[in-house]
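The model is predicted.

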Amino acid sequence: VSTQSTGCPLQHYFKQINLRFISMATRTYNPAVRVGNWIEDVQLEEDIIKDFQEKKESGNLLIQKTQNVMTNLLRAENLSESREGGVLMFGDRINLQHIATSAVLSAKISNLQSCAELKNPCEVSASQMTSPCPRNVFQICSVDGEIPKRPLCYGQKFIMRTLPGPGSELNLWSDRATFTKCAPKSRHPMVQLSSESSWNVVWQVLCRNPLVRMEMEGRPVRVGEPVVINHCNTNQNLACMSQYRTRTPYGSDMEVCCKTVLDSHKAETQENIWRLVTGCADQQ
């Protein structure tokens, strides 16, 4: 064949090679037809099926992890009903809501784990997922471990504890910041959930207005009132830092730390203002 009629033979050869590679990359036959590296393809499919079955038996599939979290940590919980006058009592189940962002204090889980309960220690954050569930419902407990049937008053020491079962009954904990133990972004004293029983888990409710704070001591705390949550050991206030956000499986959560943030009038700013929410709809 002359090169004038069909072109250069070398070009024709490379063209045939390219067509052959294209035909090999694009499967034009039935999968049952053994073409090319058929044994490797069959082995690869068998390995994929075997790996899937192993993950399914061990509960490591993503759908299984998601379902496990939905069943345990995100199941619906009931808050305590508000009493006449809206007074909070020891033993009440509450949400701690940050007023400026409407986020609630929640246990932070960075990835979907196949666990039936919160692990000790567990980080906390402020989440926009406000539906009551084991990760964001706390119980007001006294420092002696008992649950007396009396109102929670301003300036009175108390412990915030997660619910039994999936909540693992962990206490809200904080301590002074160190170089290796502090909030990851703001570098302020960290807040987490811990099974520790010490002065680091004791808190008190303070009146929002510093001018009448001393006069309000001993008076009952009411549901929905703007308050300051003070850590007794460090004398720092619970703060929600909305400028520091972390991605979690539940959305974009805000960092929670223990830091008193004051304005020019020596009053706490919106970072330190919270409210205790019960199941009464008109208070939310």
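**Core, strand and cavity**

Q: Which residues does L238 touch beyond four places away in sequence?
A: Contact requires heavy atoms within 4.5 Å. L96, L105, V191, W203, I229, V256, C257, C258, E271, N272 and W274 count as touching L238.

Q: What makes the largest set of nonpolar residues a core, and which members have the most contacts inside it?
A: A nonpolar core is made of buried residues joined through side-chain atoms within 4.5 Å. The largest such set has 41 residues, and L105, L193, I229 and L238 have the most contacts inside it. Another core, of five residues, lies apart from it; C141, I159, M190 and V201 are among them.

Q: Why are both faces of strand β2 called covered?
A: Buried means under 20% relative accessible area. V104 and S106 on one side of β2 (residues 104–107) are buried, as are L105 and A107 on the other, so both faces are covered.

Q: How do you know that β2 and β3 pair?
A: Pairing takes at least two bridges. β2 and β3 (residues 122–127) have four, in the antiparallel sense, so they count as paired. The bridge partner of V104 in β3 is S127.

Q: How many cavities of 30 Å³ or more are there, and what lines the largest?
A: The count is one. The largest cavity holds about 140 Å³ of space. Its lining has 13 residues, with E123, V124, P184, E255 and V256 the closest to its centre.

Q: Which element gives the most to the lining of the largest cavity?
A: β11 does, with four residues. By class, the lining has seven nonpolar, two polar and four charged residues.

Technical notes: Residues numbered from 1 in each chain as written. Predicted model: local features only at pLDDT ≥ 70, side-chain atom pairs only at ≥ 80, totals over all residues. Heavy atoms only, no water. Buried < 20%, exposed > 50% of the residue type's maximum accessible area, 1.4 Å probe, protein only. Helix = DSSP H or I, 4+ residues; strand = E, 2+ residues; numbered from the N terminus. 1 Å grid on protein atoms, 1.4 Å probe; cavity = no way out; pocket = protein on both sides within 12 Å on 5 of 7 lines; lining within 4 Å. Points joined across faces, edges and corners; volume = space filled by probe spheres on them. Nonpolar A, V, L, I, M, F, W, Y, C, P; charged D, E, K, R; others polar.
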